[in-house]
Amino acid sequence: MKVKILILLTSIYLAGCAAYKELKPEPEVSSIENGYIEIKDGGDNFELDKDKKYFMKFPAPSDKNFYLVINVDNKDLMKTYLTPYFDDGKGQIIKIEDESADPLKTCYYPVDNSVQNFYWVIESVQYDIILNMDYRYVPQWRYKFETKYARLQETLLNNTVDRVPYNGLGTTTKLADFDFGNEVTKTKEMTANLEKVQAELNEIESIFPASVLNTNDEAYQNYRNIKKQVEDELTFQKNYQAFVNVMDKEKVSRRNTAALDEAVPDILTLFQNKDAYDTNVFAETKKTILDRLPELVPYYEKKIADKRDTSPINLNTDELEKAYQAAGETVPGNVAELNKFVNNFNTQLQNLKNTEAELDAINESVRNQSEMPSNTYFSGIITKVGRLKYNMPKGNSSFGKYANYACSQKLSSDIQTLNYKFNRSLDGYRSADRIVPQLNEYKTNKQYSSMIRLLKQTPGVEFLTDTYKSLDKLSIDKQALEVRTAMNNANWAGAETELKSLHLDQNFLRPAVIGSQKAQTVKVLDDTLSSRVARISKQRAQKFVADNINTLSNVEALYSNTAFTPVYNRTFSSIGQADLEREQLVLNNELSYLKEQYFPSTAIKKLYADFVKNPDNDGVLKARAIAAHGDQYKGEDKQVKTWAAECNPWASKWITKAKDYRKLYALPVNASQSASNEYVFRLNIRIPSDAKFPTYDINVKLPKEVAKDAASEQWYRSITLNNDPIKNEGYYAITAPSASNNYECQITPVRMRKDEDNILEIRFNNPKFKVYEVSIMAQKPIIKKN
Amino acid sequence: MKKGLIIGAIVIVVAAVLFYLFWGPNLDGKIVIPYIAHQKPRIDPHLPSAVPIADKMDEVVFDGLFNVSANPSGITYEDGLGELVELDANNNVVVRLKPRKKWHESYSAAIEDDEVNVSEKEAVYFTAQDLNFTLKRIQRLGSLSPDYILVSQAVEGMTFSGPDDNNEIRFKFFDDRIWTEADIKEVLSFKILPHNSDINQAEYLNGTGPYLYTHATEENVLNYQVNPSGMAEIQQLKLQPFIDNSTYTTELKNGNINCLLSTPFGSLSPILSDSQDYFIKSNISTTLFAVLFNVERLSVTQRRELRNLIDNKKVLDRFYKVNTEQQKHIEDYKGNKDNYNDYLNYSIFPTSSYYVDNKVVIPMRERNSPDLSVLPDTVRIQTCLNYGFREELSELVQIMNDPALFGGKIKVTAVQNDEIKRGNYDAVLIAYSGYRSNFLYDLYEIFLREPDFSLHNINLITDSDGRGMRMVNERSFEGNKNFFRIDLASDHPERDNFVKLLDYIYGFMSTREVGDKQAYAQFLDELDQQMALGSWMFSLPSLAYFSTQFDDKSVDLYGVASQLSTIEKWREKVEK
């Protein structure tokens, strides 16, 4: 309970602290249209404190387009506004514009019935003041009309033409009495003023509520009256202005036919509107004008005679003729004849232009024909052009006395020129009509080059160039396709022939345009042919290598295989003979690389790995294959060379370091297994030495299989040093291998030729046909007695 | 009458055949080798001998720790008095000494007629003491002994440690190489003498080898019987004396000998051409003929012109009667035939030697036309036919005295040994046998041998240099102690070169470095080209004939090794 009381008190306190104080008039504000009503706080005016804020509710009117009009003293001492939404000054404030121009007292705000209340907010008060204020709800039209009515009436009065002189023309007044120039100016001003009044009235009418229409509302009736008066005056002033305008021009154009010519359209308008004028007015006017018109024909003829071009004749001859007719007069013969020529000239000119435009359009359409035409296409074009030609203007033969005028001659010449144009077009189209079926037949057979040739050989069909421009590309594409097809079929010679043909081909509709494309195509094809020949050649070689990497027999013959030659040796290239030769050199070098380096090195690496893994598994064949590959190897890979040499019994194995056992393979050199296979291995002993006469013991560790019978039979067949036999019977000592010395044979003293090759060759025979591993070691000898 | 004569002749022939069959020489179970009667071989296994058969007999009588032998594939090393146990990573060589090896004195021989019965008596076993004695002897002999070079280049201190309980001894080999089994056994193949020997005996007969010496007959046939504890197959070895070598081929043909280790002229013998009866084995030359110039009698200029005068090619062609019906054919171990020019020598080092063959020494082969004006009216050359190679030397005397060859400028005379000793010659023609063509070519034999064919004295005098090394003494060149009559005690104009020559000779012979040997060889050749110490004539092919009594496959002769080094393996042919 206490809490509730506390909340209540707090609320009361907070309410008392609101920023704006509401002024609640008594009696309450009413939105009924009922004149001005004072705002009172009971019987008194509200008192406003300086710097305080207030607001007052005004209920919405019953309809739209109302004004809330407030008259308040000291308007300038307060800052006020009217807003449809108000929450103690919080949130966005939408201020309704005060349309009053009065800074001191009156405010009127447009209000409507879209909200329940409007809030008149006093944002600030400069001094403590007594609020002396009344208000009024009033429809806007009424308020506006009431506030403008007097002024509108005055304006109407001030801008009404004095019709007396006008109406008395021919009776009480003469034309000469008028100052038409002044009248023209004055009337224009008056009409302008009245039109403003009319606009204001129309604006008020736009906000008439339906309820006021056809009522006897005073304001409404006043409105209708003034509006009609304004309309009547404006109608009069329009006709009056036409009259004074024509008459003013007639006056100022005297001795100035060009000025009179400019007035002809106004004259025609006036004559055609003769019913708007009193008879006397029109009669006076007509008489004056008709007196002047005959001077126009010579003026026009002079203009036409001076004309040299075939632009349209832009003279008021037609208006002149019609002016006579509107005036109810017979048209003079020269006027009619002149007008006829002008119309004929302009018509033919227009016809010429239209026809040429149509021909141009046809020609353009033919030129722009993107699709190659059907066999009947041009017969239709010929018909269309023929018909168009038939309707060609006839030229000066119809110009009568004006036929020799320069413009007439020019027009006739233009017509003739167009005629020639027609003939050319027709000739071309007929030729086209004749060759198109052949072209289409060629096209069906993709004989693009023949199409081009036919087009180039047929005169007058140049217009087809654009239509058939794709032939150039088609021809190139077709030839390119033939090159590619030949390449795809590995018909390298055919591809080269086709490529050469394309390169030399100049049979194009637009050689200058297609030239670069053809050159590009040839270049691409040339490159493709080169790269294809190179790629296929290399692929063939690589496949050959892959297929034969494990080949063990007849390895030498592999290197004679054509797989290592180009699949085709080109004789032509668009890049020129020198570049072609360079290109072929590159390919040959690459194939040579495959043949002389890649193949042997790859095979050697593979076979050697297999070989050393298990020398007893086809070891001899593998070694021979490796050696054969090694004979062909021209690379610089020392390892490859070494492996090849290791497997080549005729290649010397280098002994370059003393006191180091070096393994090598002893291999049979006879062709195939026999009862006594001959084995050979060679050493090249080149051990760096400071000695002048380097001399070594050569120790050879032999397989048991080779040396096991050495005690009963000489295990070797021969030992030579630089081809000289080494024999135990000489000063050399050759120790016999035996089980006790682990089958090691020593040859000593072996004197090396310093810095030269020293080839020690050992041959032996063995019934087995296999690879034997032998270890060799050289070292400084001891001096032996035996 | 005529018929009677024919019948008589047939009877005589049949009787002769029967006599030959039943009472002719029977060499079954025997190896009979000839020698020059007055050049009885005196065996010293550590020193070279002037008598070729003496050096060869080293292999017959003595063993090393390991013995050099051979088989068809080459040289082999077989256990002798030792057995190789181990070579460790530090080059320590462990050899187990064979404790049951007996010296020949452990046996006695009873001779009755031609029968020899060997029986055991108190066994005298080989011990490490014997090895120690041998090594000390070799060390004392120094460069005179090839074994000194052999051992000193390998074994530190030329000594060993042990034996241990397993009778194993240990040698420390130098660390400068990888020692293979062949190397080790070669080094330890020097022949071992019993420790109770004198260090300088005239000859050594008590060995442990395959044959033991039993006796000499009244005819000076030297008899050797197979060692009962050895492995030799053929029971007896006889060295049969002959006056000279001129009858050697005939003796072989007549079946009085069955092994001729060198033929006269080293040539094929027409009378021994039947391969059913004989087989041959050839090996590298071991004998050369040279004319050594007397520096006391001939100036260096004269010596040069004399060298120019002696055209060895002409002499050789005459020697073998090349392109005549009597041409002596030759065949070397390489299979070359009649390659006479290969035997021409142009240097102290024969063409067949390692030094020339490998161009360590490049002799000057071109000869200038001799300026005879500087030579004496007659150049007197002496030779002695009584100490081997009589046939060859006689032929050379005849050839060189032929005026058609040298215009009578040379007079060669065969004289007695004493005449040679006196040095009364401008030059002396000698045969130098038993040379090795390997590194161990022996220059002492040429330059320091006393000019007395009845002896074999090498006049090498060395001194200690005070640092444990030996150096040659100039007294090694005394006028009457070498064929050249070089005497460093005299004031000879070429003395400096003589000193240099002696220095080079000693350097060559004493070094154990191959490189040094090669360098000294070059120096010596160059010095000889300058000094013209002799005309080196030519070498003799080495050709041995064997009766097919022996199985030719069991006889392996290799290079510079002794021809008898494989005698233990020889066997008689088994008739099928």
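What share of the 786 residues in chain A is made up of buried residues? In this predicted model, buried residues account for 34% of chain A, while in chain B they make up 49% of 576 residues.

- Chain A contains 22 helices and 20 strands, and, of its contacts with a separation of 6 or more, 77% are between residues 24 or more positions apart.
- Chain B has a secondary structure of 15 helices and 19 strands, and residues 24 or more positions apart account for 67% of its contacts with a separation of 6 or more.

**Where the chains meet**

- The contact between the chains draws on 41 residues from chain A and 44 residues from chain B.
- On the side of chain A that touches chain B, at least two residues each are supplied by strand S14 (695–701), strand S17 (733–734), strand S18 (744–751) and strand S20 (772–779) of chain A, and S18(A) gives the most, with five residues.
- Sorted by class, this side of chain A has 18 nonpolar, 13 polar and 10 charged residues.

**Nonpolar cores**

- In soluble globular proteins, nonpolar side chains tend to be buried together.
- The largest nonpolar core here has 225 residues, and the residues with the most contacts inside this core are Ile626(A), Leu292(B), Phe293(B) and Ile381(B).
- Helix H19 (residues 577–613) of chain A provides the largest share of this core, namely nine residues.
- When its neighbours within four places in sequence are set aside, Ile626(A) is in contact with Ile604(A), Leu607(A), Tyr608(A), Phe611(A), Trp643(A), Ala644(A) and Cys647(A).
- Another core, of 39 residues, lies apart from the largest one, and Leu270(A), Leu296(A), Leu320(A) and Val335(A) are among its residues.

**Helices H11 and H12 of chain A**

- Two packed helices are described by the angle between their axes and the distance between the axes.
- For helix H11 (residues 377–390) and helix H12 (residues 406–444) of chain A, the axes come within 8 Å and cross at roughly 160°; because angles over 145 degrees count as roughly antiparallel, H11(A) and H12(A) are roughly antiparallel to each other.
- The crossing of H11(A) and H12(A) is left-handed.
- On the H11(A) side the contact is made by Tyr377(A), Phe378(A), Ser379(A), Ile381(A), Ile382(A), Val385(A), Gly386(A) and Lys389(A), and on the H12(A) side by Phe422(A), Ser425(A), Leu426(A), Tyr429(A), Arg430(A), Ala432(A), Asp433(A) and Val436(A).
- The residues of this contact between H11(A) and H12(A) divide into 10 nonpolar, three polar and three charged.

**Helices H17 and H19 of chain A**

- Helix H17 (residues 511–548) of chain A packs against H19(A) at an angle of about 15°, with the two axes 10 Å apart; because angles under 35 degrees count as roughly parallel, H17(A) is roughly parallel to H19(A).
- The crossing of H17(A) and H19(A) is right-handed.
- Among the residues that make this contact are Ser530(A), Ala534(A) and Ser537(A) of H17(A), together with Glu583(A), Leu587(A) and Glu590(A) of H19(A).
- By class, the contact of H17(A) with H19(A) has eight nonpolar, four polar and three charged residues.

**Two residues of chain B**

- His46(B) lies in the loop between strand S1 (30–36) and helix H2 (52–61) of chain B, and His46(B) is buried because 20 other C-beta atoms lie within 10 Å.
- Although His46(B) and Phe190(B) are 144 residues apart in sequence, their C-alpha atoms are 7.6 Å apart in space.
- Leaving aside neighbours within four places in sequence, His46(B) is in contact with Arg137(B), Ile138(B), Leu141(B), Ser145(B), Asp147(B) and Lys191(B).
- Glu156(B) is found in the loop between helix H4 (146–152) and strand S8 (168–172) of chain B, and Glu156(B) is partly exposed, with 13 other C-beta atoms within 10 Å.
- The C-alpha atoms of Glu156(B) and Lys172(B) are separated by 5.8 Å, with the two residues 16 residues apart along the chain.
- Beyond its neighbours within four places in sequence, Glu156(B) is in contact with Lys172(B) and Phe174(B).

Key:
Residues numbered from 1 in each chain as written. Chains lettered and ligands numbered in written order. Predicted model: local features only at pLDDT ≥ 70, side-chain atom pairs only at ≥ 80, totals over all residues. Contact = placed C-beta atoms within 7 Å. Helix = DSSP H or I, 4+ residues; strand = E, 2+ residues; numbered from the N terminus. Nonpolar A, V, L, I, M, F, W, Y, C, P; charged D, E, K, R; others polar. Buried ≥ 20, exposed ≤ 12 C-beta atoms within 10 Å, placed from the backbone. Core = buried A, V, L, I, M, F, W, Y, C linked by C-beta atoms within 7 Å. Axes fitted to C-alpha atoms, helices over the stretch in contact; angles between N-to-C directions. Parallel < 35°, antiparallel > 145°, perpendicular 65-115°, else oblique. Left-handed = near helix turned anticlockwise from the far one by under 90°.
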